[in-house]
Amino acid sequence: MIPVALPSAGFFILLTAGFFAGILLLGWALVLGVSGGARRTVRKYWKTSTVLCLALLAPFSFYAWFQAMMWQLERDIRREEAAHHVTLQAPTMVGGVVMPAGTRLKVQDKGQLDTYLEAAFPQAVAILGVQATSVRRYLATEYDKEYNIVARRPRTVILRGAGEQDVQGWRCDATQDIEFEVAPDGAMKMLTQCVLAAGNQAAGLTLGHGAVVRGSGGTVYTDGSRDPDRWRIDVNDDTAVRLLRMFLSRPTVYLDDARRLLRVTGAELACPMQFGVMTYAAGTQVKTARLGSGTERGPYPGVLVFSPWHGQSAARAGAEDVPEGMSVMQTLQGEVLEVVKNDAVGVFRFDTFIIDGKEPETPARARCP
């Protein structure tokens, strides 16, 4: 934390006094300008008038000096800000991209176009396979041993364009952010996020508009093992999607590089369901899990984990109901393997914070078909 000295109370009192002194001086000047009697009075009592004028001029001078200083500061800030905004007068290669005349750039360092943070094009420009009309970049800064800036390199590029566009096999809504992780030279490393347009297919799912796909290098576990998940999709359809023979509300789906299903998290049943000897209510939390650890983990997608929620319970034929706080582990064929506590399978319920007496809104469950 950097300490900042705040102005004293006396500063604000003097500034306020100067403001009102200026109003009195202005009023006095107007009266003298229109009233001959006032002018005669001033000439008659010129000593008193002079002392009073000087008494008002002292605080007003401070106020006027302060306002002049602030005006100069604002002018310098506007000039500095303008120096970071450039409009190209001719087609120019910037950061490995030929940008047309009329491109508006916001640069990090004055006079260095390659440090641009934002760019807006007069017509679409091909960048990382996207016909982009605007770009935002986040730069990494390299320093030498004396902490002098050596170079600035792009690490994240966010593009927007028109309509729907194909990006690495996904049909993306280009009017929303399409985000890439890039190498220091600007070459693409991976697509990290885009909002999908309607009609994408993956793992037997037809994904509606609004689903969000995120690229990944794989989920890393505490034991050092890594899943081969290449894509994570947050499904946001208003109607439940059918997956693993269930109707699920807004699941998060993980796919490998061939877009085969690896695992499912963050889902809930959109419809009541009987699965094997178990009967679950709508709203039951659902995810997949692999048994074992490290190289001993079972195959994908593993087993299903059902967790009763919102005070509900799961009915089990010939046995006691499974209450909230417990989870049922079943094979994909419906065989019950075990009933365990939620935290044993990574199912947690977090505290809710209420601000100004308003509870946070719970996302609406997708419709049961």
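Patches are made of residues with over 30% relative accessible area and no salt bridge, and nonpolar side chains are joined within 5 Å. In this predicted model, a nonpolar surface patch is formed by Phe19, Phe20 and Ile23, which together have about 290 Å² of accessible area. Phenylalanine 20 belongs to helix H1, residues 9–34.

| Residue | Relative accessible area | Class |
|---|---|---|
| Phenylalanine 20 | 46% | partly exposed |
| Phenylalanine 11 | 23% | partly exposed |
| Glutamine 165 | 10% | buried |

Aromatic pairs in the model number 9. In one of them, the ring centres of phenylalanine 11 and phenylalanine 62 are 5.8 Å apart with the planes at 85°, so the pair is edge-to-face. This pair links distant parts of the chain, since phenylalanine 11 is in helix H1 and phenylalanine 62 in helix H3 (residues 46–83), 51 residues apart. Phe11 and Phe62 also belong to one aromatic cluster, together with Phe12, Trp65 and Phe66.

Glutamine 165 sits in strand E8, residues 164–167. Glutamine 165 counts as buried because its relative accessibility is 10%, and the cut-off for buried is under 20%. Beyond the neighbours within four places in sequence, the contacts of glutamine 165 are Val130, Gln131, Trp170, Arg171, Cys172 and Ala174. Of these residues, glutamine 131 is 34 residues from glutamine 165 in sequence, with a C-alpha to C-alpha distance of 8.0 Å. A polar atom of the glutamine 165 side chain lies 2.8 Å from the backbone nitrogen of glutamine 131.

Note on methods: Residues are numbered from 1 along each chain as its sequence is written. This is a predicted model: local features need pLDDT of at least 70, side-chain atom pairs count only at pLDDT 80 or more; totals for chains, interfaces and linings use all residues. Side-chain values use heavy atoms; hydrogens and water are left out. Helices (H or I, at least four residues) and strands (E, at least two) are DSSP runs, numbered from the N terminus. Buried means under 20% relative accessible area, exposed over 50%, partly exposed in between (1.4 Å probe, protein chains only). Contact means heavy atoms within 4.5 Å. A polar contact is a pair of N or O atoms within 3.5 Å; within protein, one must be able to donate a hydrogen and the other to accept it, and residues adjacent in sequence count only if both atoms are side-chain atoms. Patches are made of residues with over 30% relative accessible area and no salt bridge: like charges are joined within 9 Å, nonpolar side chains (Val, Leu, Ile, Met, Phe, Trp, Tyr) within 5 Å. Accessible areas come from the Shrake-Rupley method with a 1.4 Å probe; for residues, only the protein chains shown count as cover. A salt bridge is a side-chain nitrogen of Lys or Arg within 4 Å of a carboxyl oxygen of Asp or Glu. Rings of Phe, Tyr and Trp (its six-membered ring) pair if their centres lie within 6.5 Å; planes under 30 degrees apart count as stacked, over 60 as edge-to-face and the rest as tilted.
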